[in-house]
Amino acid sequence: MSVPTAIRPLTISRLARDLASRAGRPMPALRCYESLAALWIRCRDTGQPGAKALHEATCLAARRLADGEDTLLAPAAGRLPHWLRSDRSIVRLPASLAVQGVEWRDATALAQTWLDTRPGSGPVLVAGVRTGGAYLAPLVAAHLEAAGVDVEVIGVRPGEHHEAGHRRVLLVDDPPLTCRTLLALARELPGAEVLVPVFDTDDVQRLRQAGIAVTVLPREKWQSTRRLEPDALSTYLQAHAEWPGADRPLVLEALVPGRENSALAPWPGVRRRSPARAAVRLRTPGGIRHTGVAAWVPPGIFGDAARAAATALRSPLVPLTLAVAPALVVSEDLTPTAPLGPQPGPGRLEEAMDYVLARAGQLPVEPAAPGGPIPAVLLAVAEALTGTDGTGPATLLHDLLSVLPAALPDNRCEAEKWCLDQAGRLRKTGHLAHAYRRDNELLNPLIDLAALTVTFGSTLDAVAESLARRLPDEQPWHAALAVALLCHGTARGKQLPRTYNAHRAAETAREAYRLQRAMSKAAALLQHILNDTSAAARATVPVVHRWARPPAALMQPRLPFGGTAAPQARPGPTGEETQLTLKAVERWAQGRFQPVREGDVLLLAPLGAPPAWPQARAELQELPRLLPRPGLLAWCGVPVVSLGEVR
């Protein structure tokens, strides 16, 4: 068996060295453009020298890409600032180009839409809102320039000073979520217009209410959406798909009725801001039929690891890869027939751990080079634990994670989504839980293992002991898993309000509660380690004083319901009081919250999306008066009602 090739983290230094090694030679046009844009944005963000030369090279690559050129000559190595080749920071992946489904051709289509509605325009300044908008802005400008418009391009963030002069300002950004950034920039650049792709036209209503002119490219016109039209998808797969492991190429027979295109007809449980996908029926020339799901992956450098992982991973737990193309991965259609359940048996946890370790072997991630920057999430954990800037303790915590070396993510941390199939086998599915995650979301195996404590409702001790049986020659796992759990929870807790799905309200409430409960225990364990004199000496910081209560920064997630944080233990109701509590909550919650039983507590999951939560918070004030004792209502990521002893 061949040794798997490690997936390298997508870093600034990697992009800079790759471009320098190709200087003066042809390379794929999209790869060249995205690499140059990433380096230009890094220069703008850091204020380091070299931004001007990279800006010119990026705009030139954008013009040639927009003209339809497939390959470009990489720029001379002298045009790449030397300091970029040693910058180990992870490339900031824009959501639009990495997970949402926007492609470079959508930028030129957006520019054409603006031209169709704004004829006879004078000079314009195309301002890309960093990070995502800065990848799109040079392409918008290239299309406008080809139409005869006098154009300049810049990258912007709120608070920076910019002179537009006599030019009309066009703000370009990712599909907006709240519009806060665009509103702030529009106030700083009076008269600015906004050009954005959107999932729904209502997403820019706040801008229009503020009197800002907005040009949108609706989702039904995105390249990733149009590719899933039956004729387009069949032609695309025939021209570009590779079929790993298939004896003969598969051909598209039909789309599955009712699941043709999630961008146009949303599937249950698929978030509106998820990339488009379609369920397809495939057949071989010999008549063998398969049902699969064609799901979007980024066509450029942001999808390199996704395509490699989809081809390389072999596991009975993940959907089998049927085909890989530049902008699509077709995997087997996995239809869950049974939920995993709120408290799966120990055997399921063991099976999941086997999968995580097998994936770590099949898809090894190249470890960060010694002396590289410590990820921000680890610094945040160390600072919360010590009350200092966290630099010294973060080094110690980083060392604890090195027992299963891999790149530590500094972006999203989403728990695995597990289910049972028709045969009762454990399977894994979900938005970001596929095998082909983006390369800086191929988590450290320890973080994957720590996340299982949340998904399976298990304890850190159970996971640590099970891991020790599998890897008996390594160091003890409790401390390393505790660090991983805090990294996972800190990142994931900030996401939950943004990724909340009312269809999965019970899952979200349970995850929030388990996250906070597990993180509190992990924080206490690490506090003992950091208080140890020898550990503190190695970290070159004074002995840390223990806290009376866990630090607020680690009490994640903070869904905005207010209330009192649940203590470690509190007497709950007994006997008749318990029944009164259950009945009171059931009557009160109808149509507003979904009660979710989790051991000796009752979690309250709001049935509305985040915009409706302020009203839900006001309604929550009524509940204590209906309970046998007001003190039974507390807060632990989500509102929680005690039914016994809170453990």
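This passage describes the confidence of a predicted model and then the surroundings of selected residues and helices.

The structure is a predicted model, in which local features require a pLDDT of at least 70 and side-chain atom pairs count only at pLDDT 80 or more, while totals for chains, interfaces and linings use all residues. Residues are numbered from 1 along each chain as its sequence is written, and side-chain values use heavy atoms, with hydrogens and water left out.

The pLDDT, the predictor's confidence in each residue on a scale from 0 to 100, averages 83 over the chain, and 86% of the residues score at least 70. Over residues 431-442 the pLDDT stays under 50, and the model has 57 contacts (heavy atoms within 4.5 Å) for this stretch beyond four places in sequence. Residues 533-544 also have a pLDDT below 50, and this stretch has 19 contacts in the model beyond near neighbours in sequence. Where pLDDT is low, the predicted coordinates should not be read in detail.

Proline 275 is buried (under 20% relative accessible area, with exposed meaning over 50% and partly exposed in between, for a 1.4 Å probe and protein chains only), its relative accessible area being 8%. Serine 262 is likewise buried, at 6%. Although 13 residues separate proline 275 from serine 262 along the chain, their C-alpha atoms are 8.3 Å apart. Beyond its neighbours within four places in sequence, serine 262 contacts Trp267, Pro275, Ala276 and Arg277.

Alanine 294, which lies in strand 10 (residues 289-296), is buried with a relative accessible area of 1%. Its C-alpha atom is 5.3 Å from that of alanine 278, from which alanine 294 is 16 residues apart in sequence. The contacts of alanine 294, leaving aside neighbours within four places in sequence, include Leu228, Leu233, Ala276 and Arg277.

In helix 7 (residues 180-188), the buried residues are Leu182, Leu183, Ala184, Leu185 and Ala186. These buried residues of helix 7 pack against strand 3 (124-129), strand 4 (151-156), strand 5 (168-172), strand 6 (193-198) and helix 8 (205-209).

Helix 16 takes part in two helix pairs, described in turn. The axes of helix 15 (residues 445-455) and helix 16 come within 8 Å and cross at roughly 135°, where axes are lines fitted to C-alpha atoms over the stretch in contact and angles run from 0 to 180 degrees between N-to-C directions. Helix 15 is therefore oblique to helix 16, given that angles under 35 degrees count as roughly parallel, over 145 as roughly antiparallel, 65 to 115 as roughly perpendicular and the rest as oblique. Leu446, Leu449 and Thr453 of helix 15 make this contact with Leu460, Val463 and Leu467 of helix 16.

Helix 16 (residues 460-470) also packs with helix 17 (residues 478-499), at an angle of about 125° and with the axes 9 Å apart, so helix 16 is oblique to helix 17. In this contact, Leu460, Asp461, Val463, Ala464 and Leu467 of helix 16 meet His478, Leu481, Ala482 and Leu485 of helix 17.

Notes:
Helices (H or I, at least four residues) and strands (E, at least two) are DSSP runs, numbered from the N terminus.
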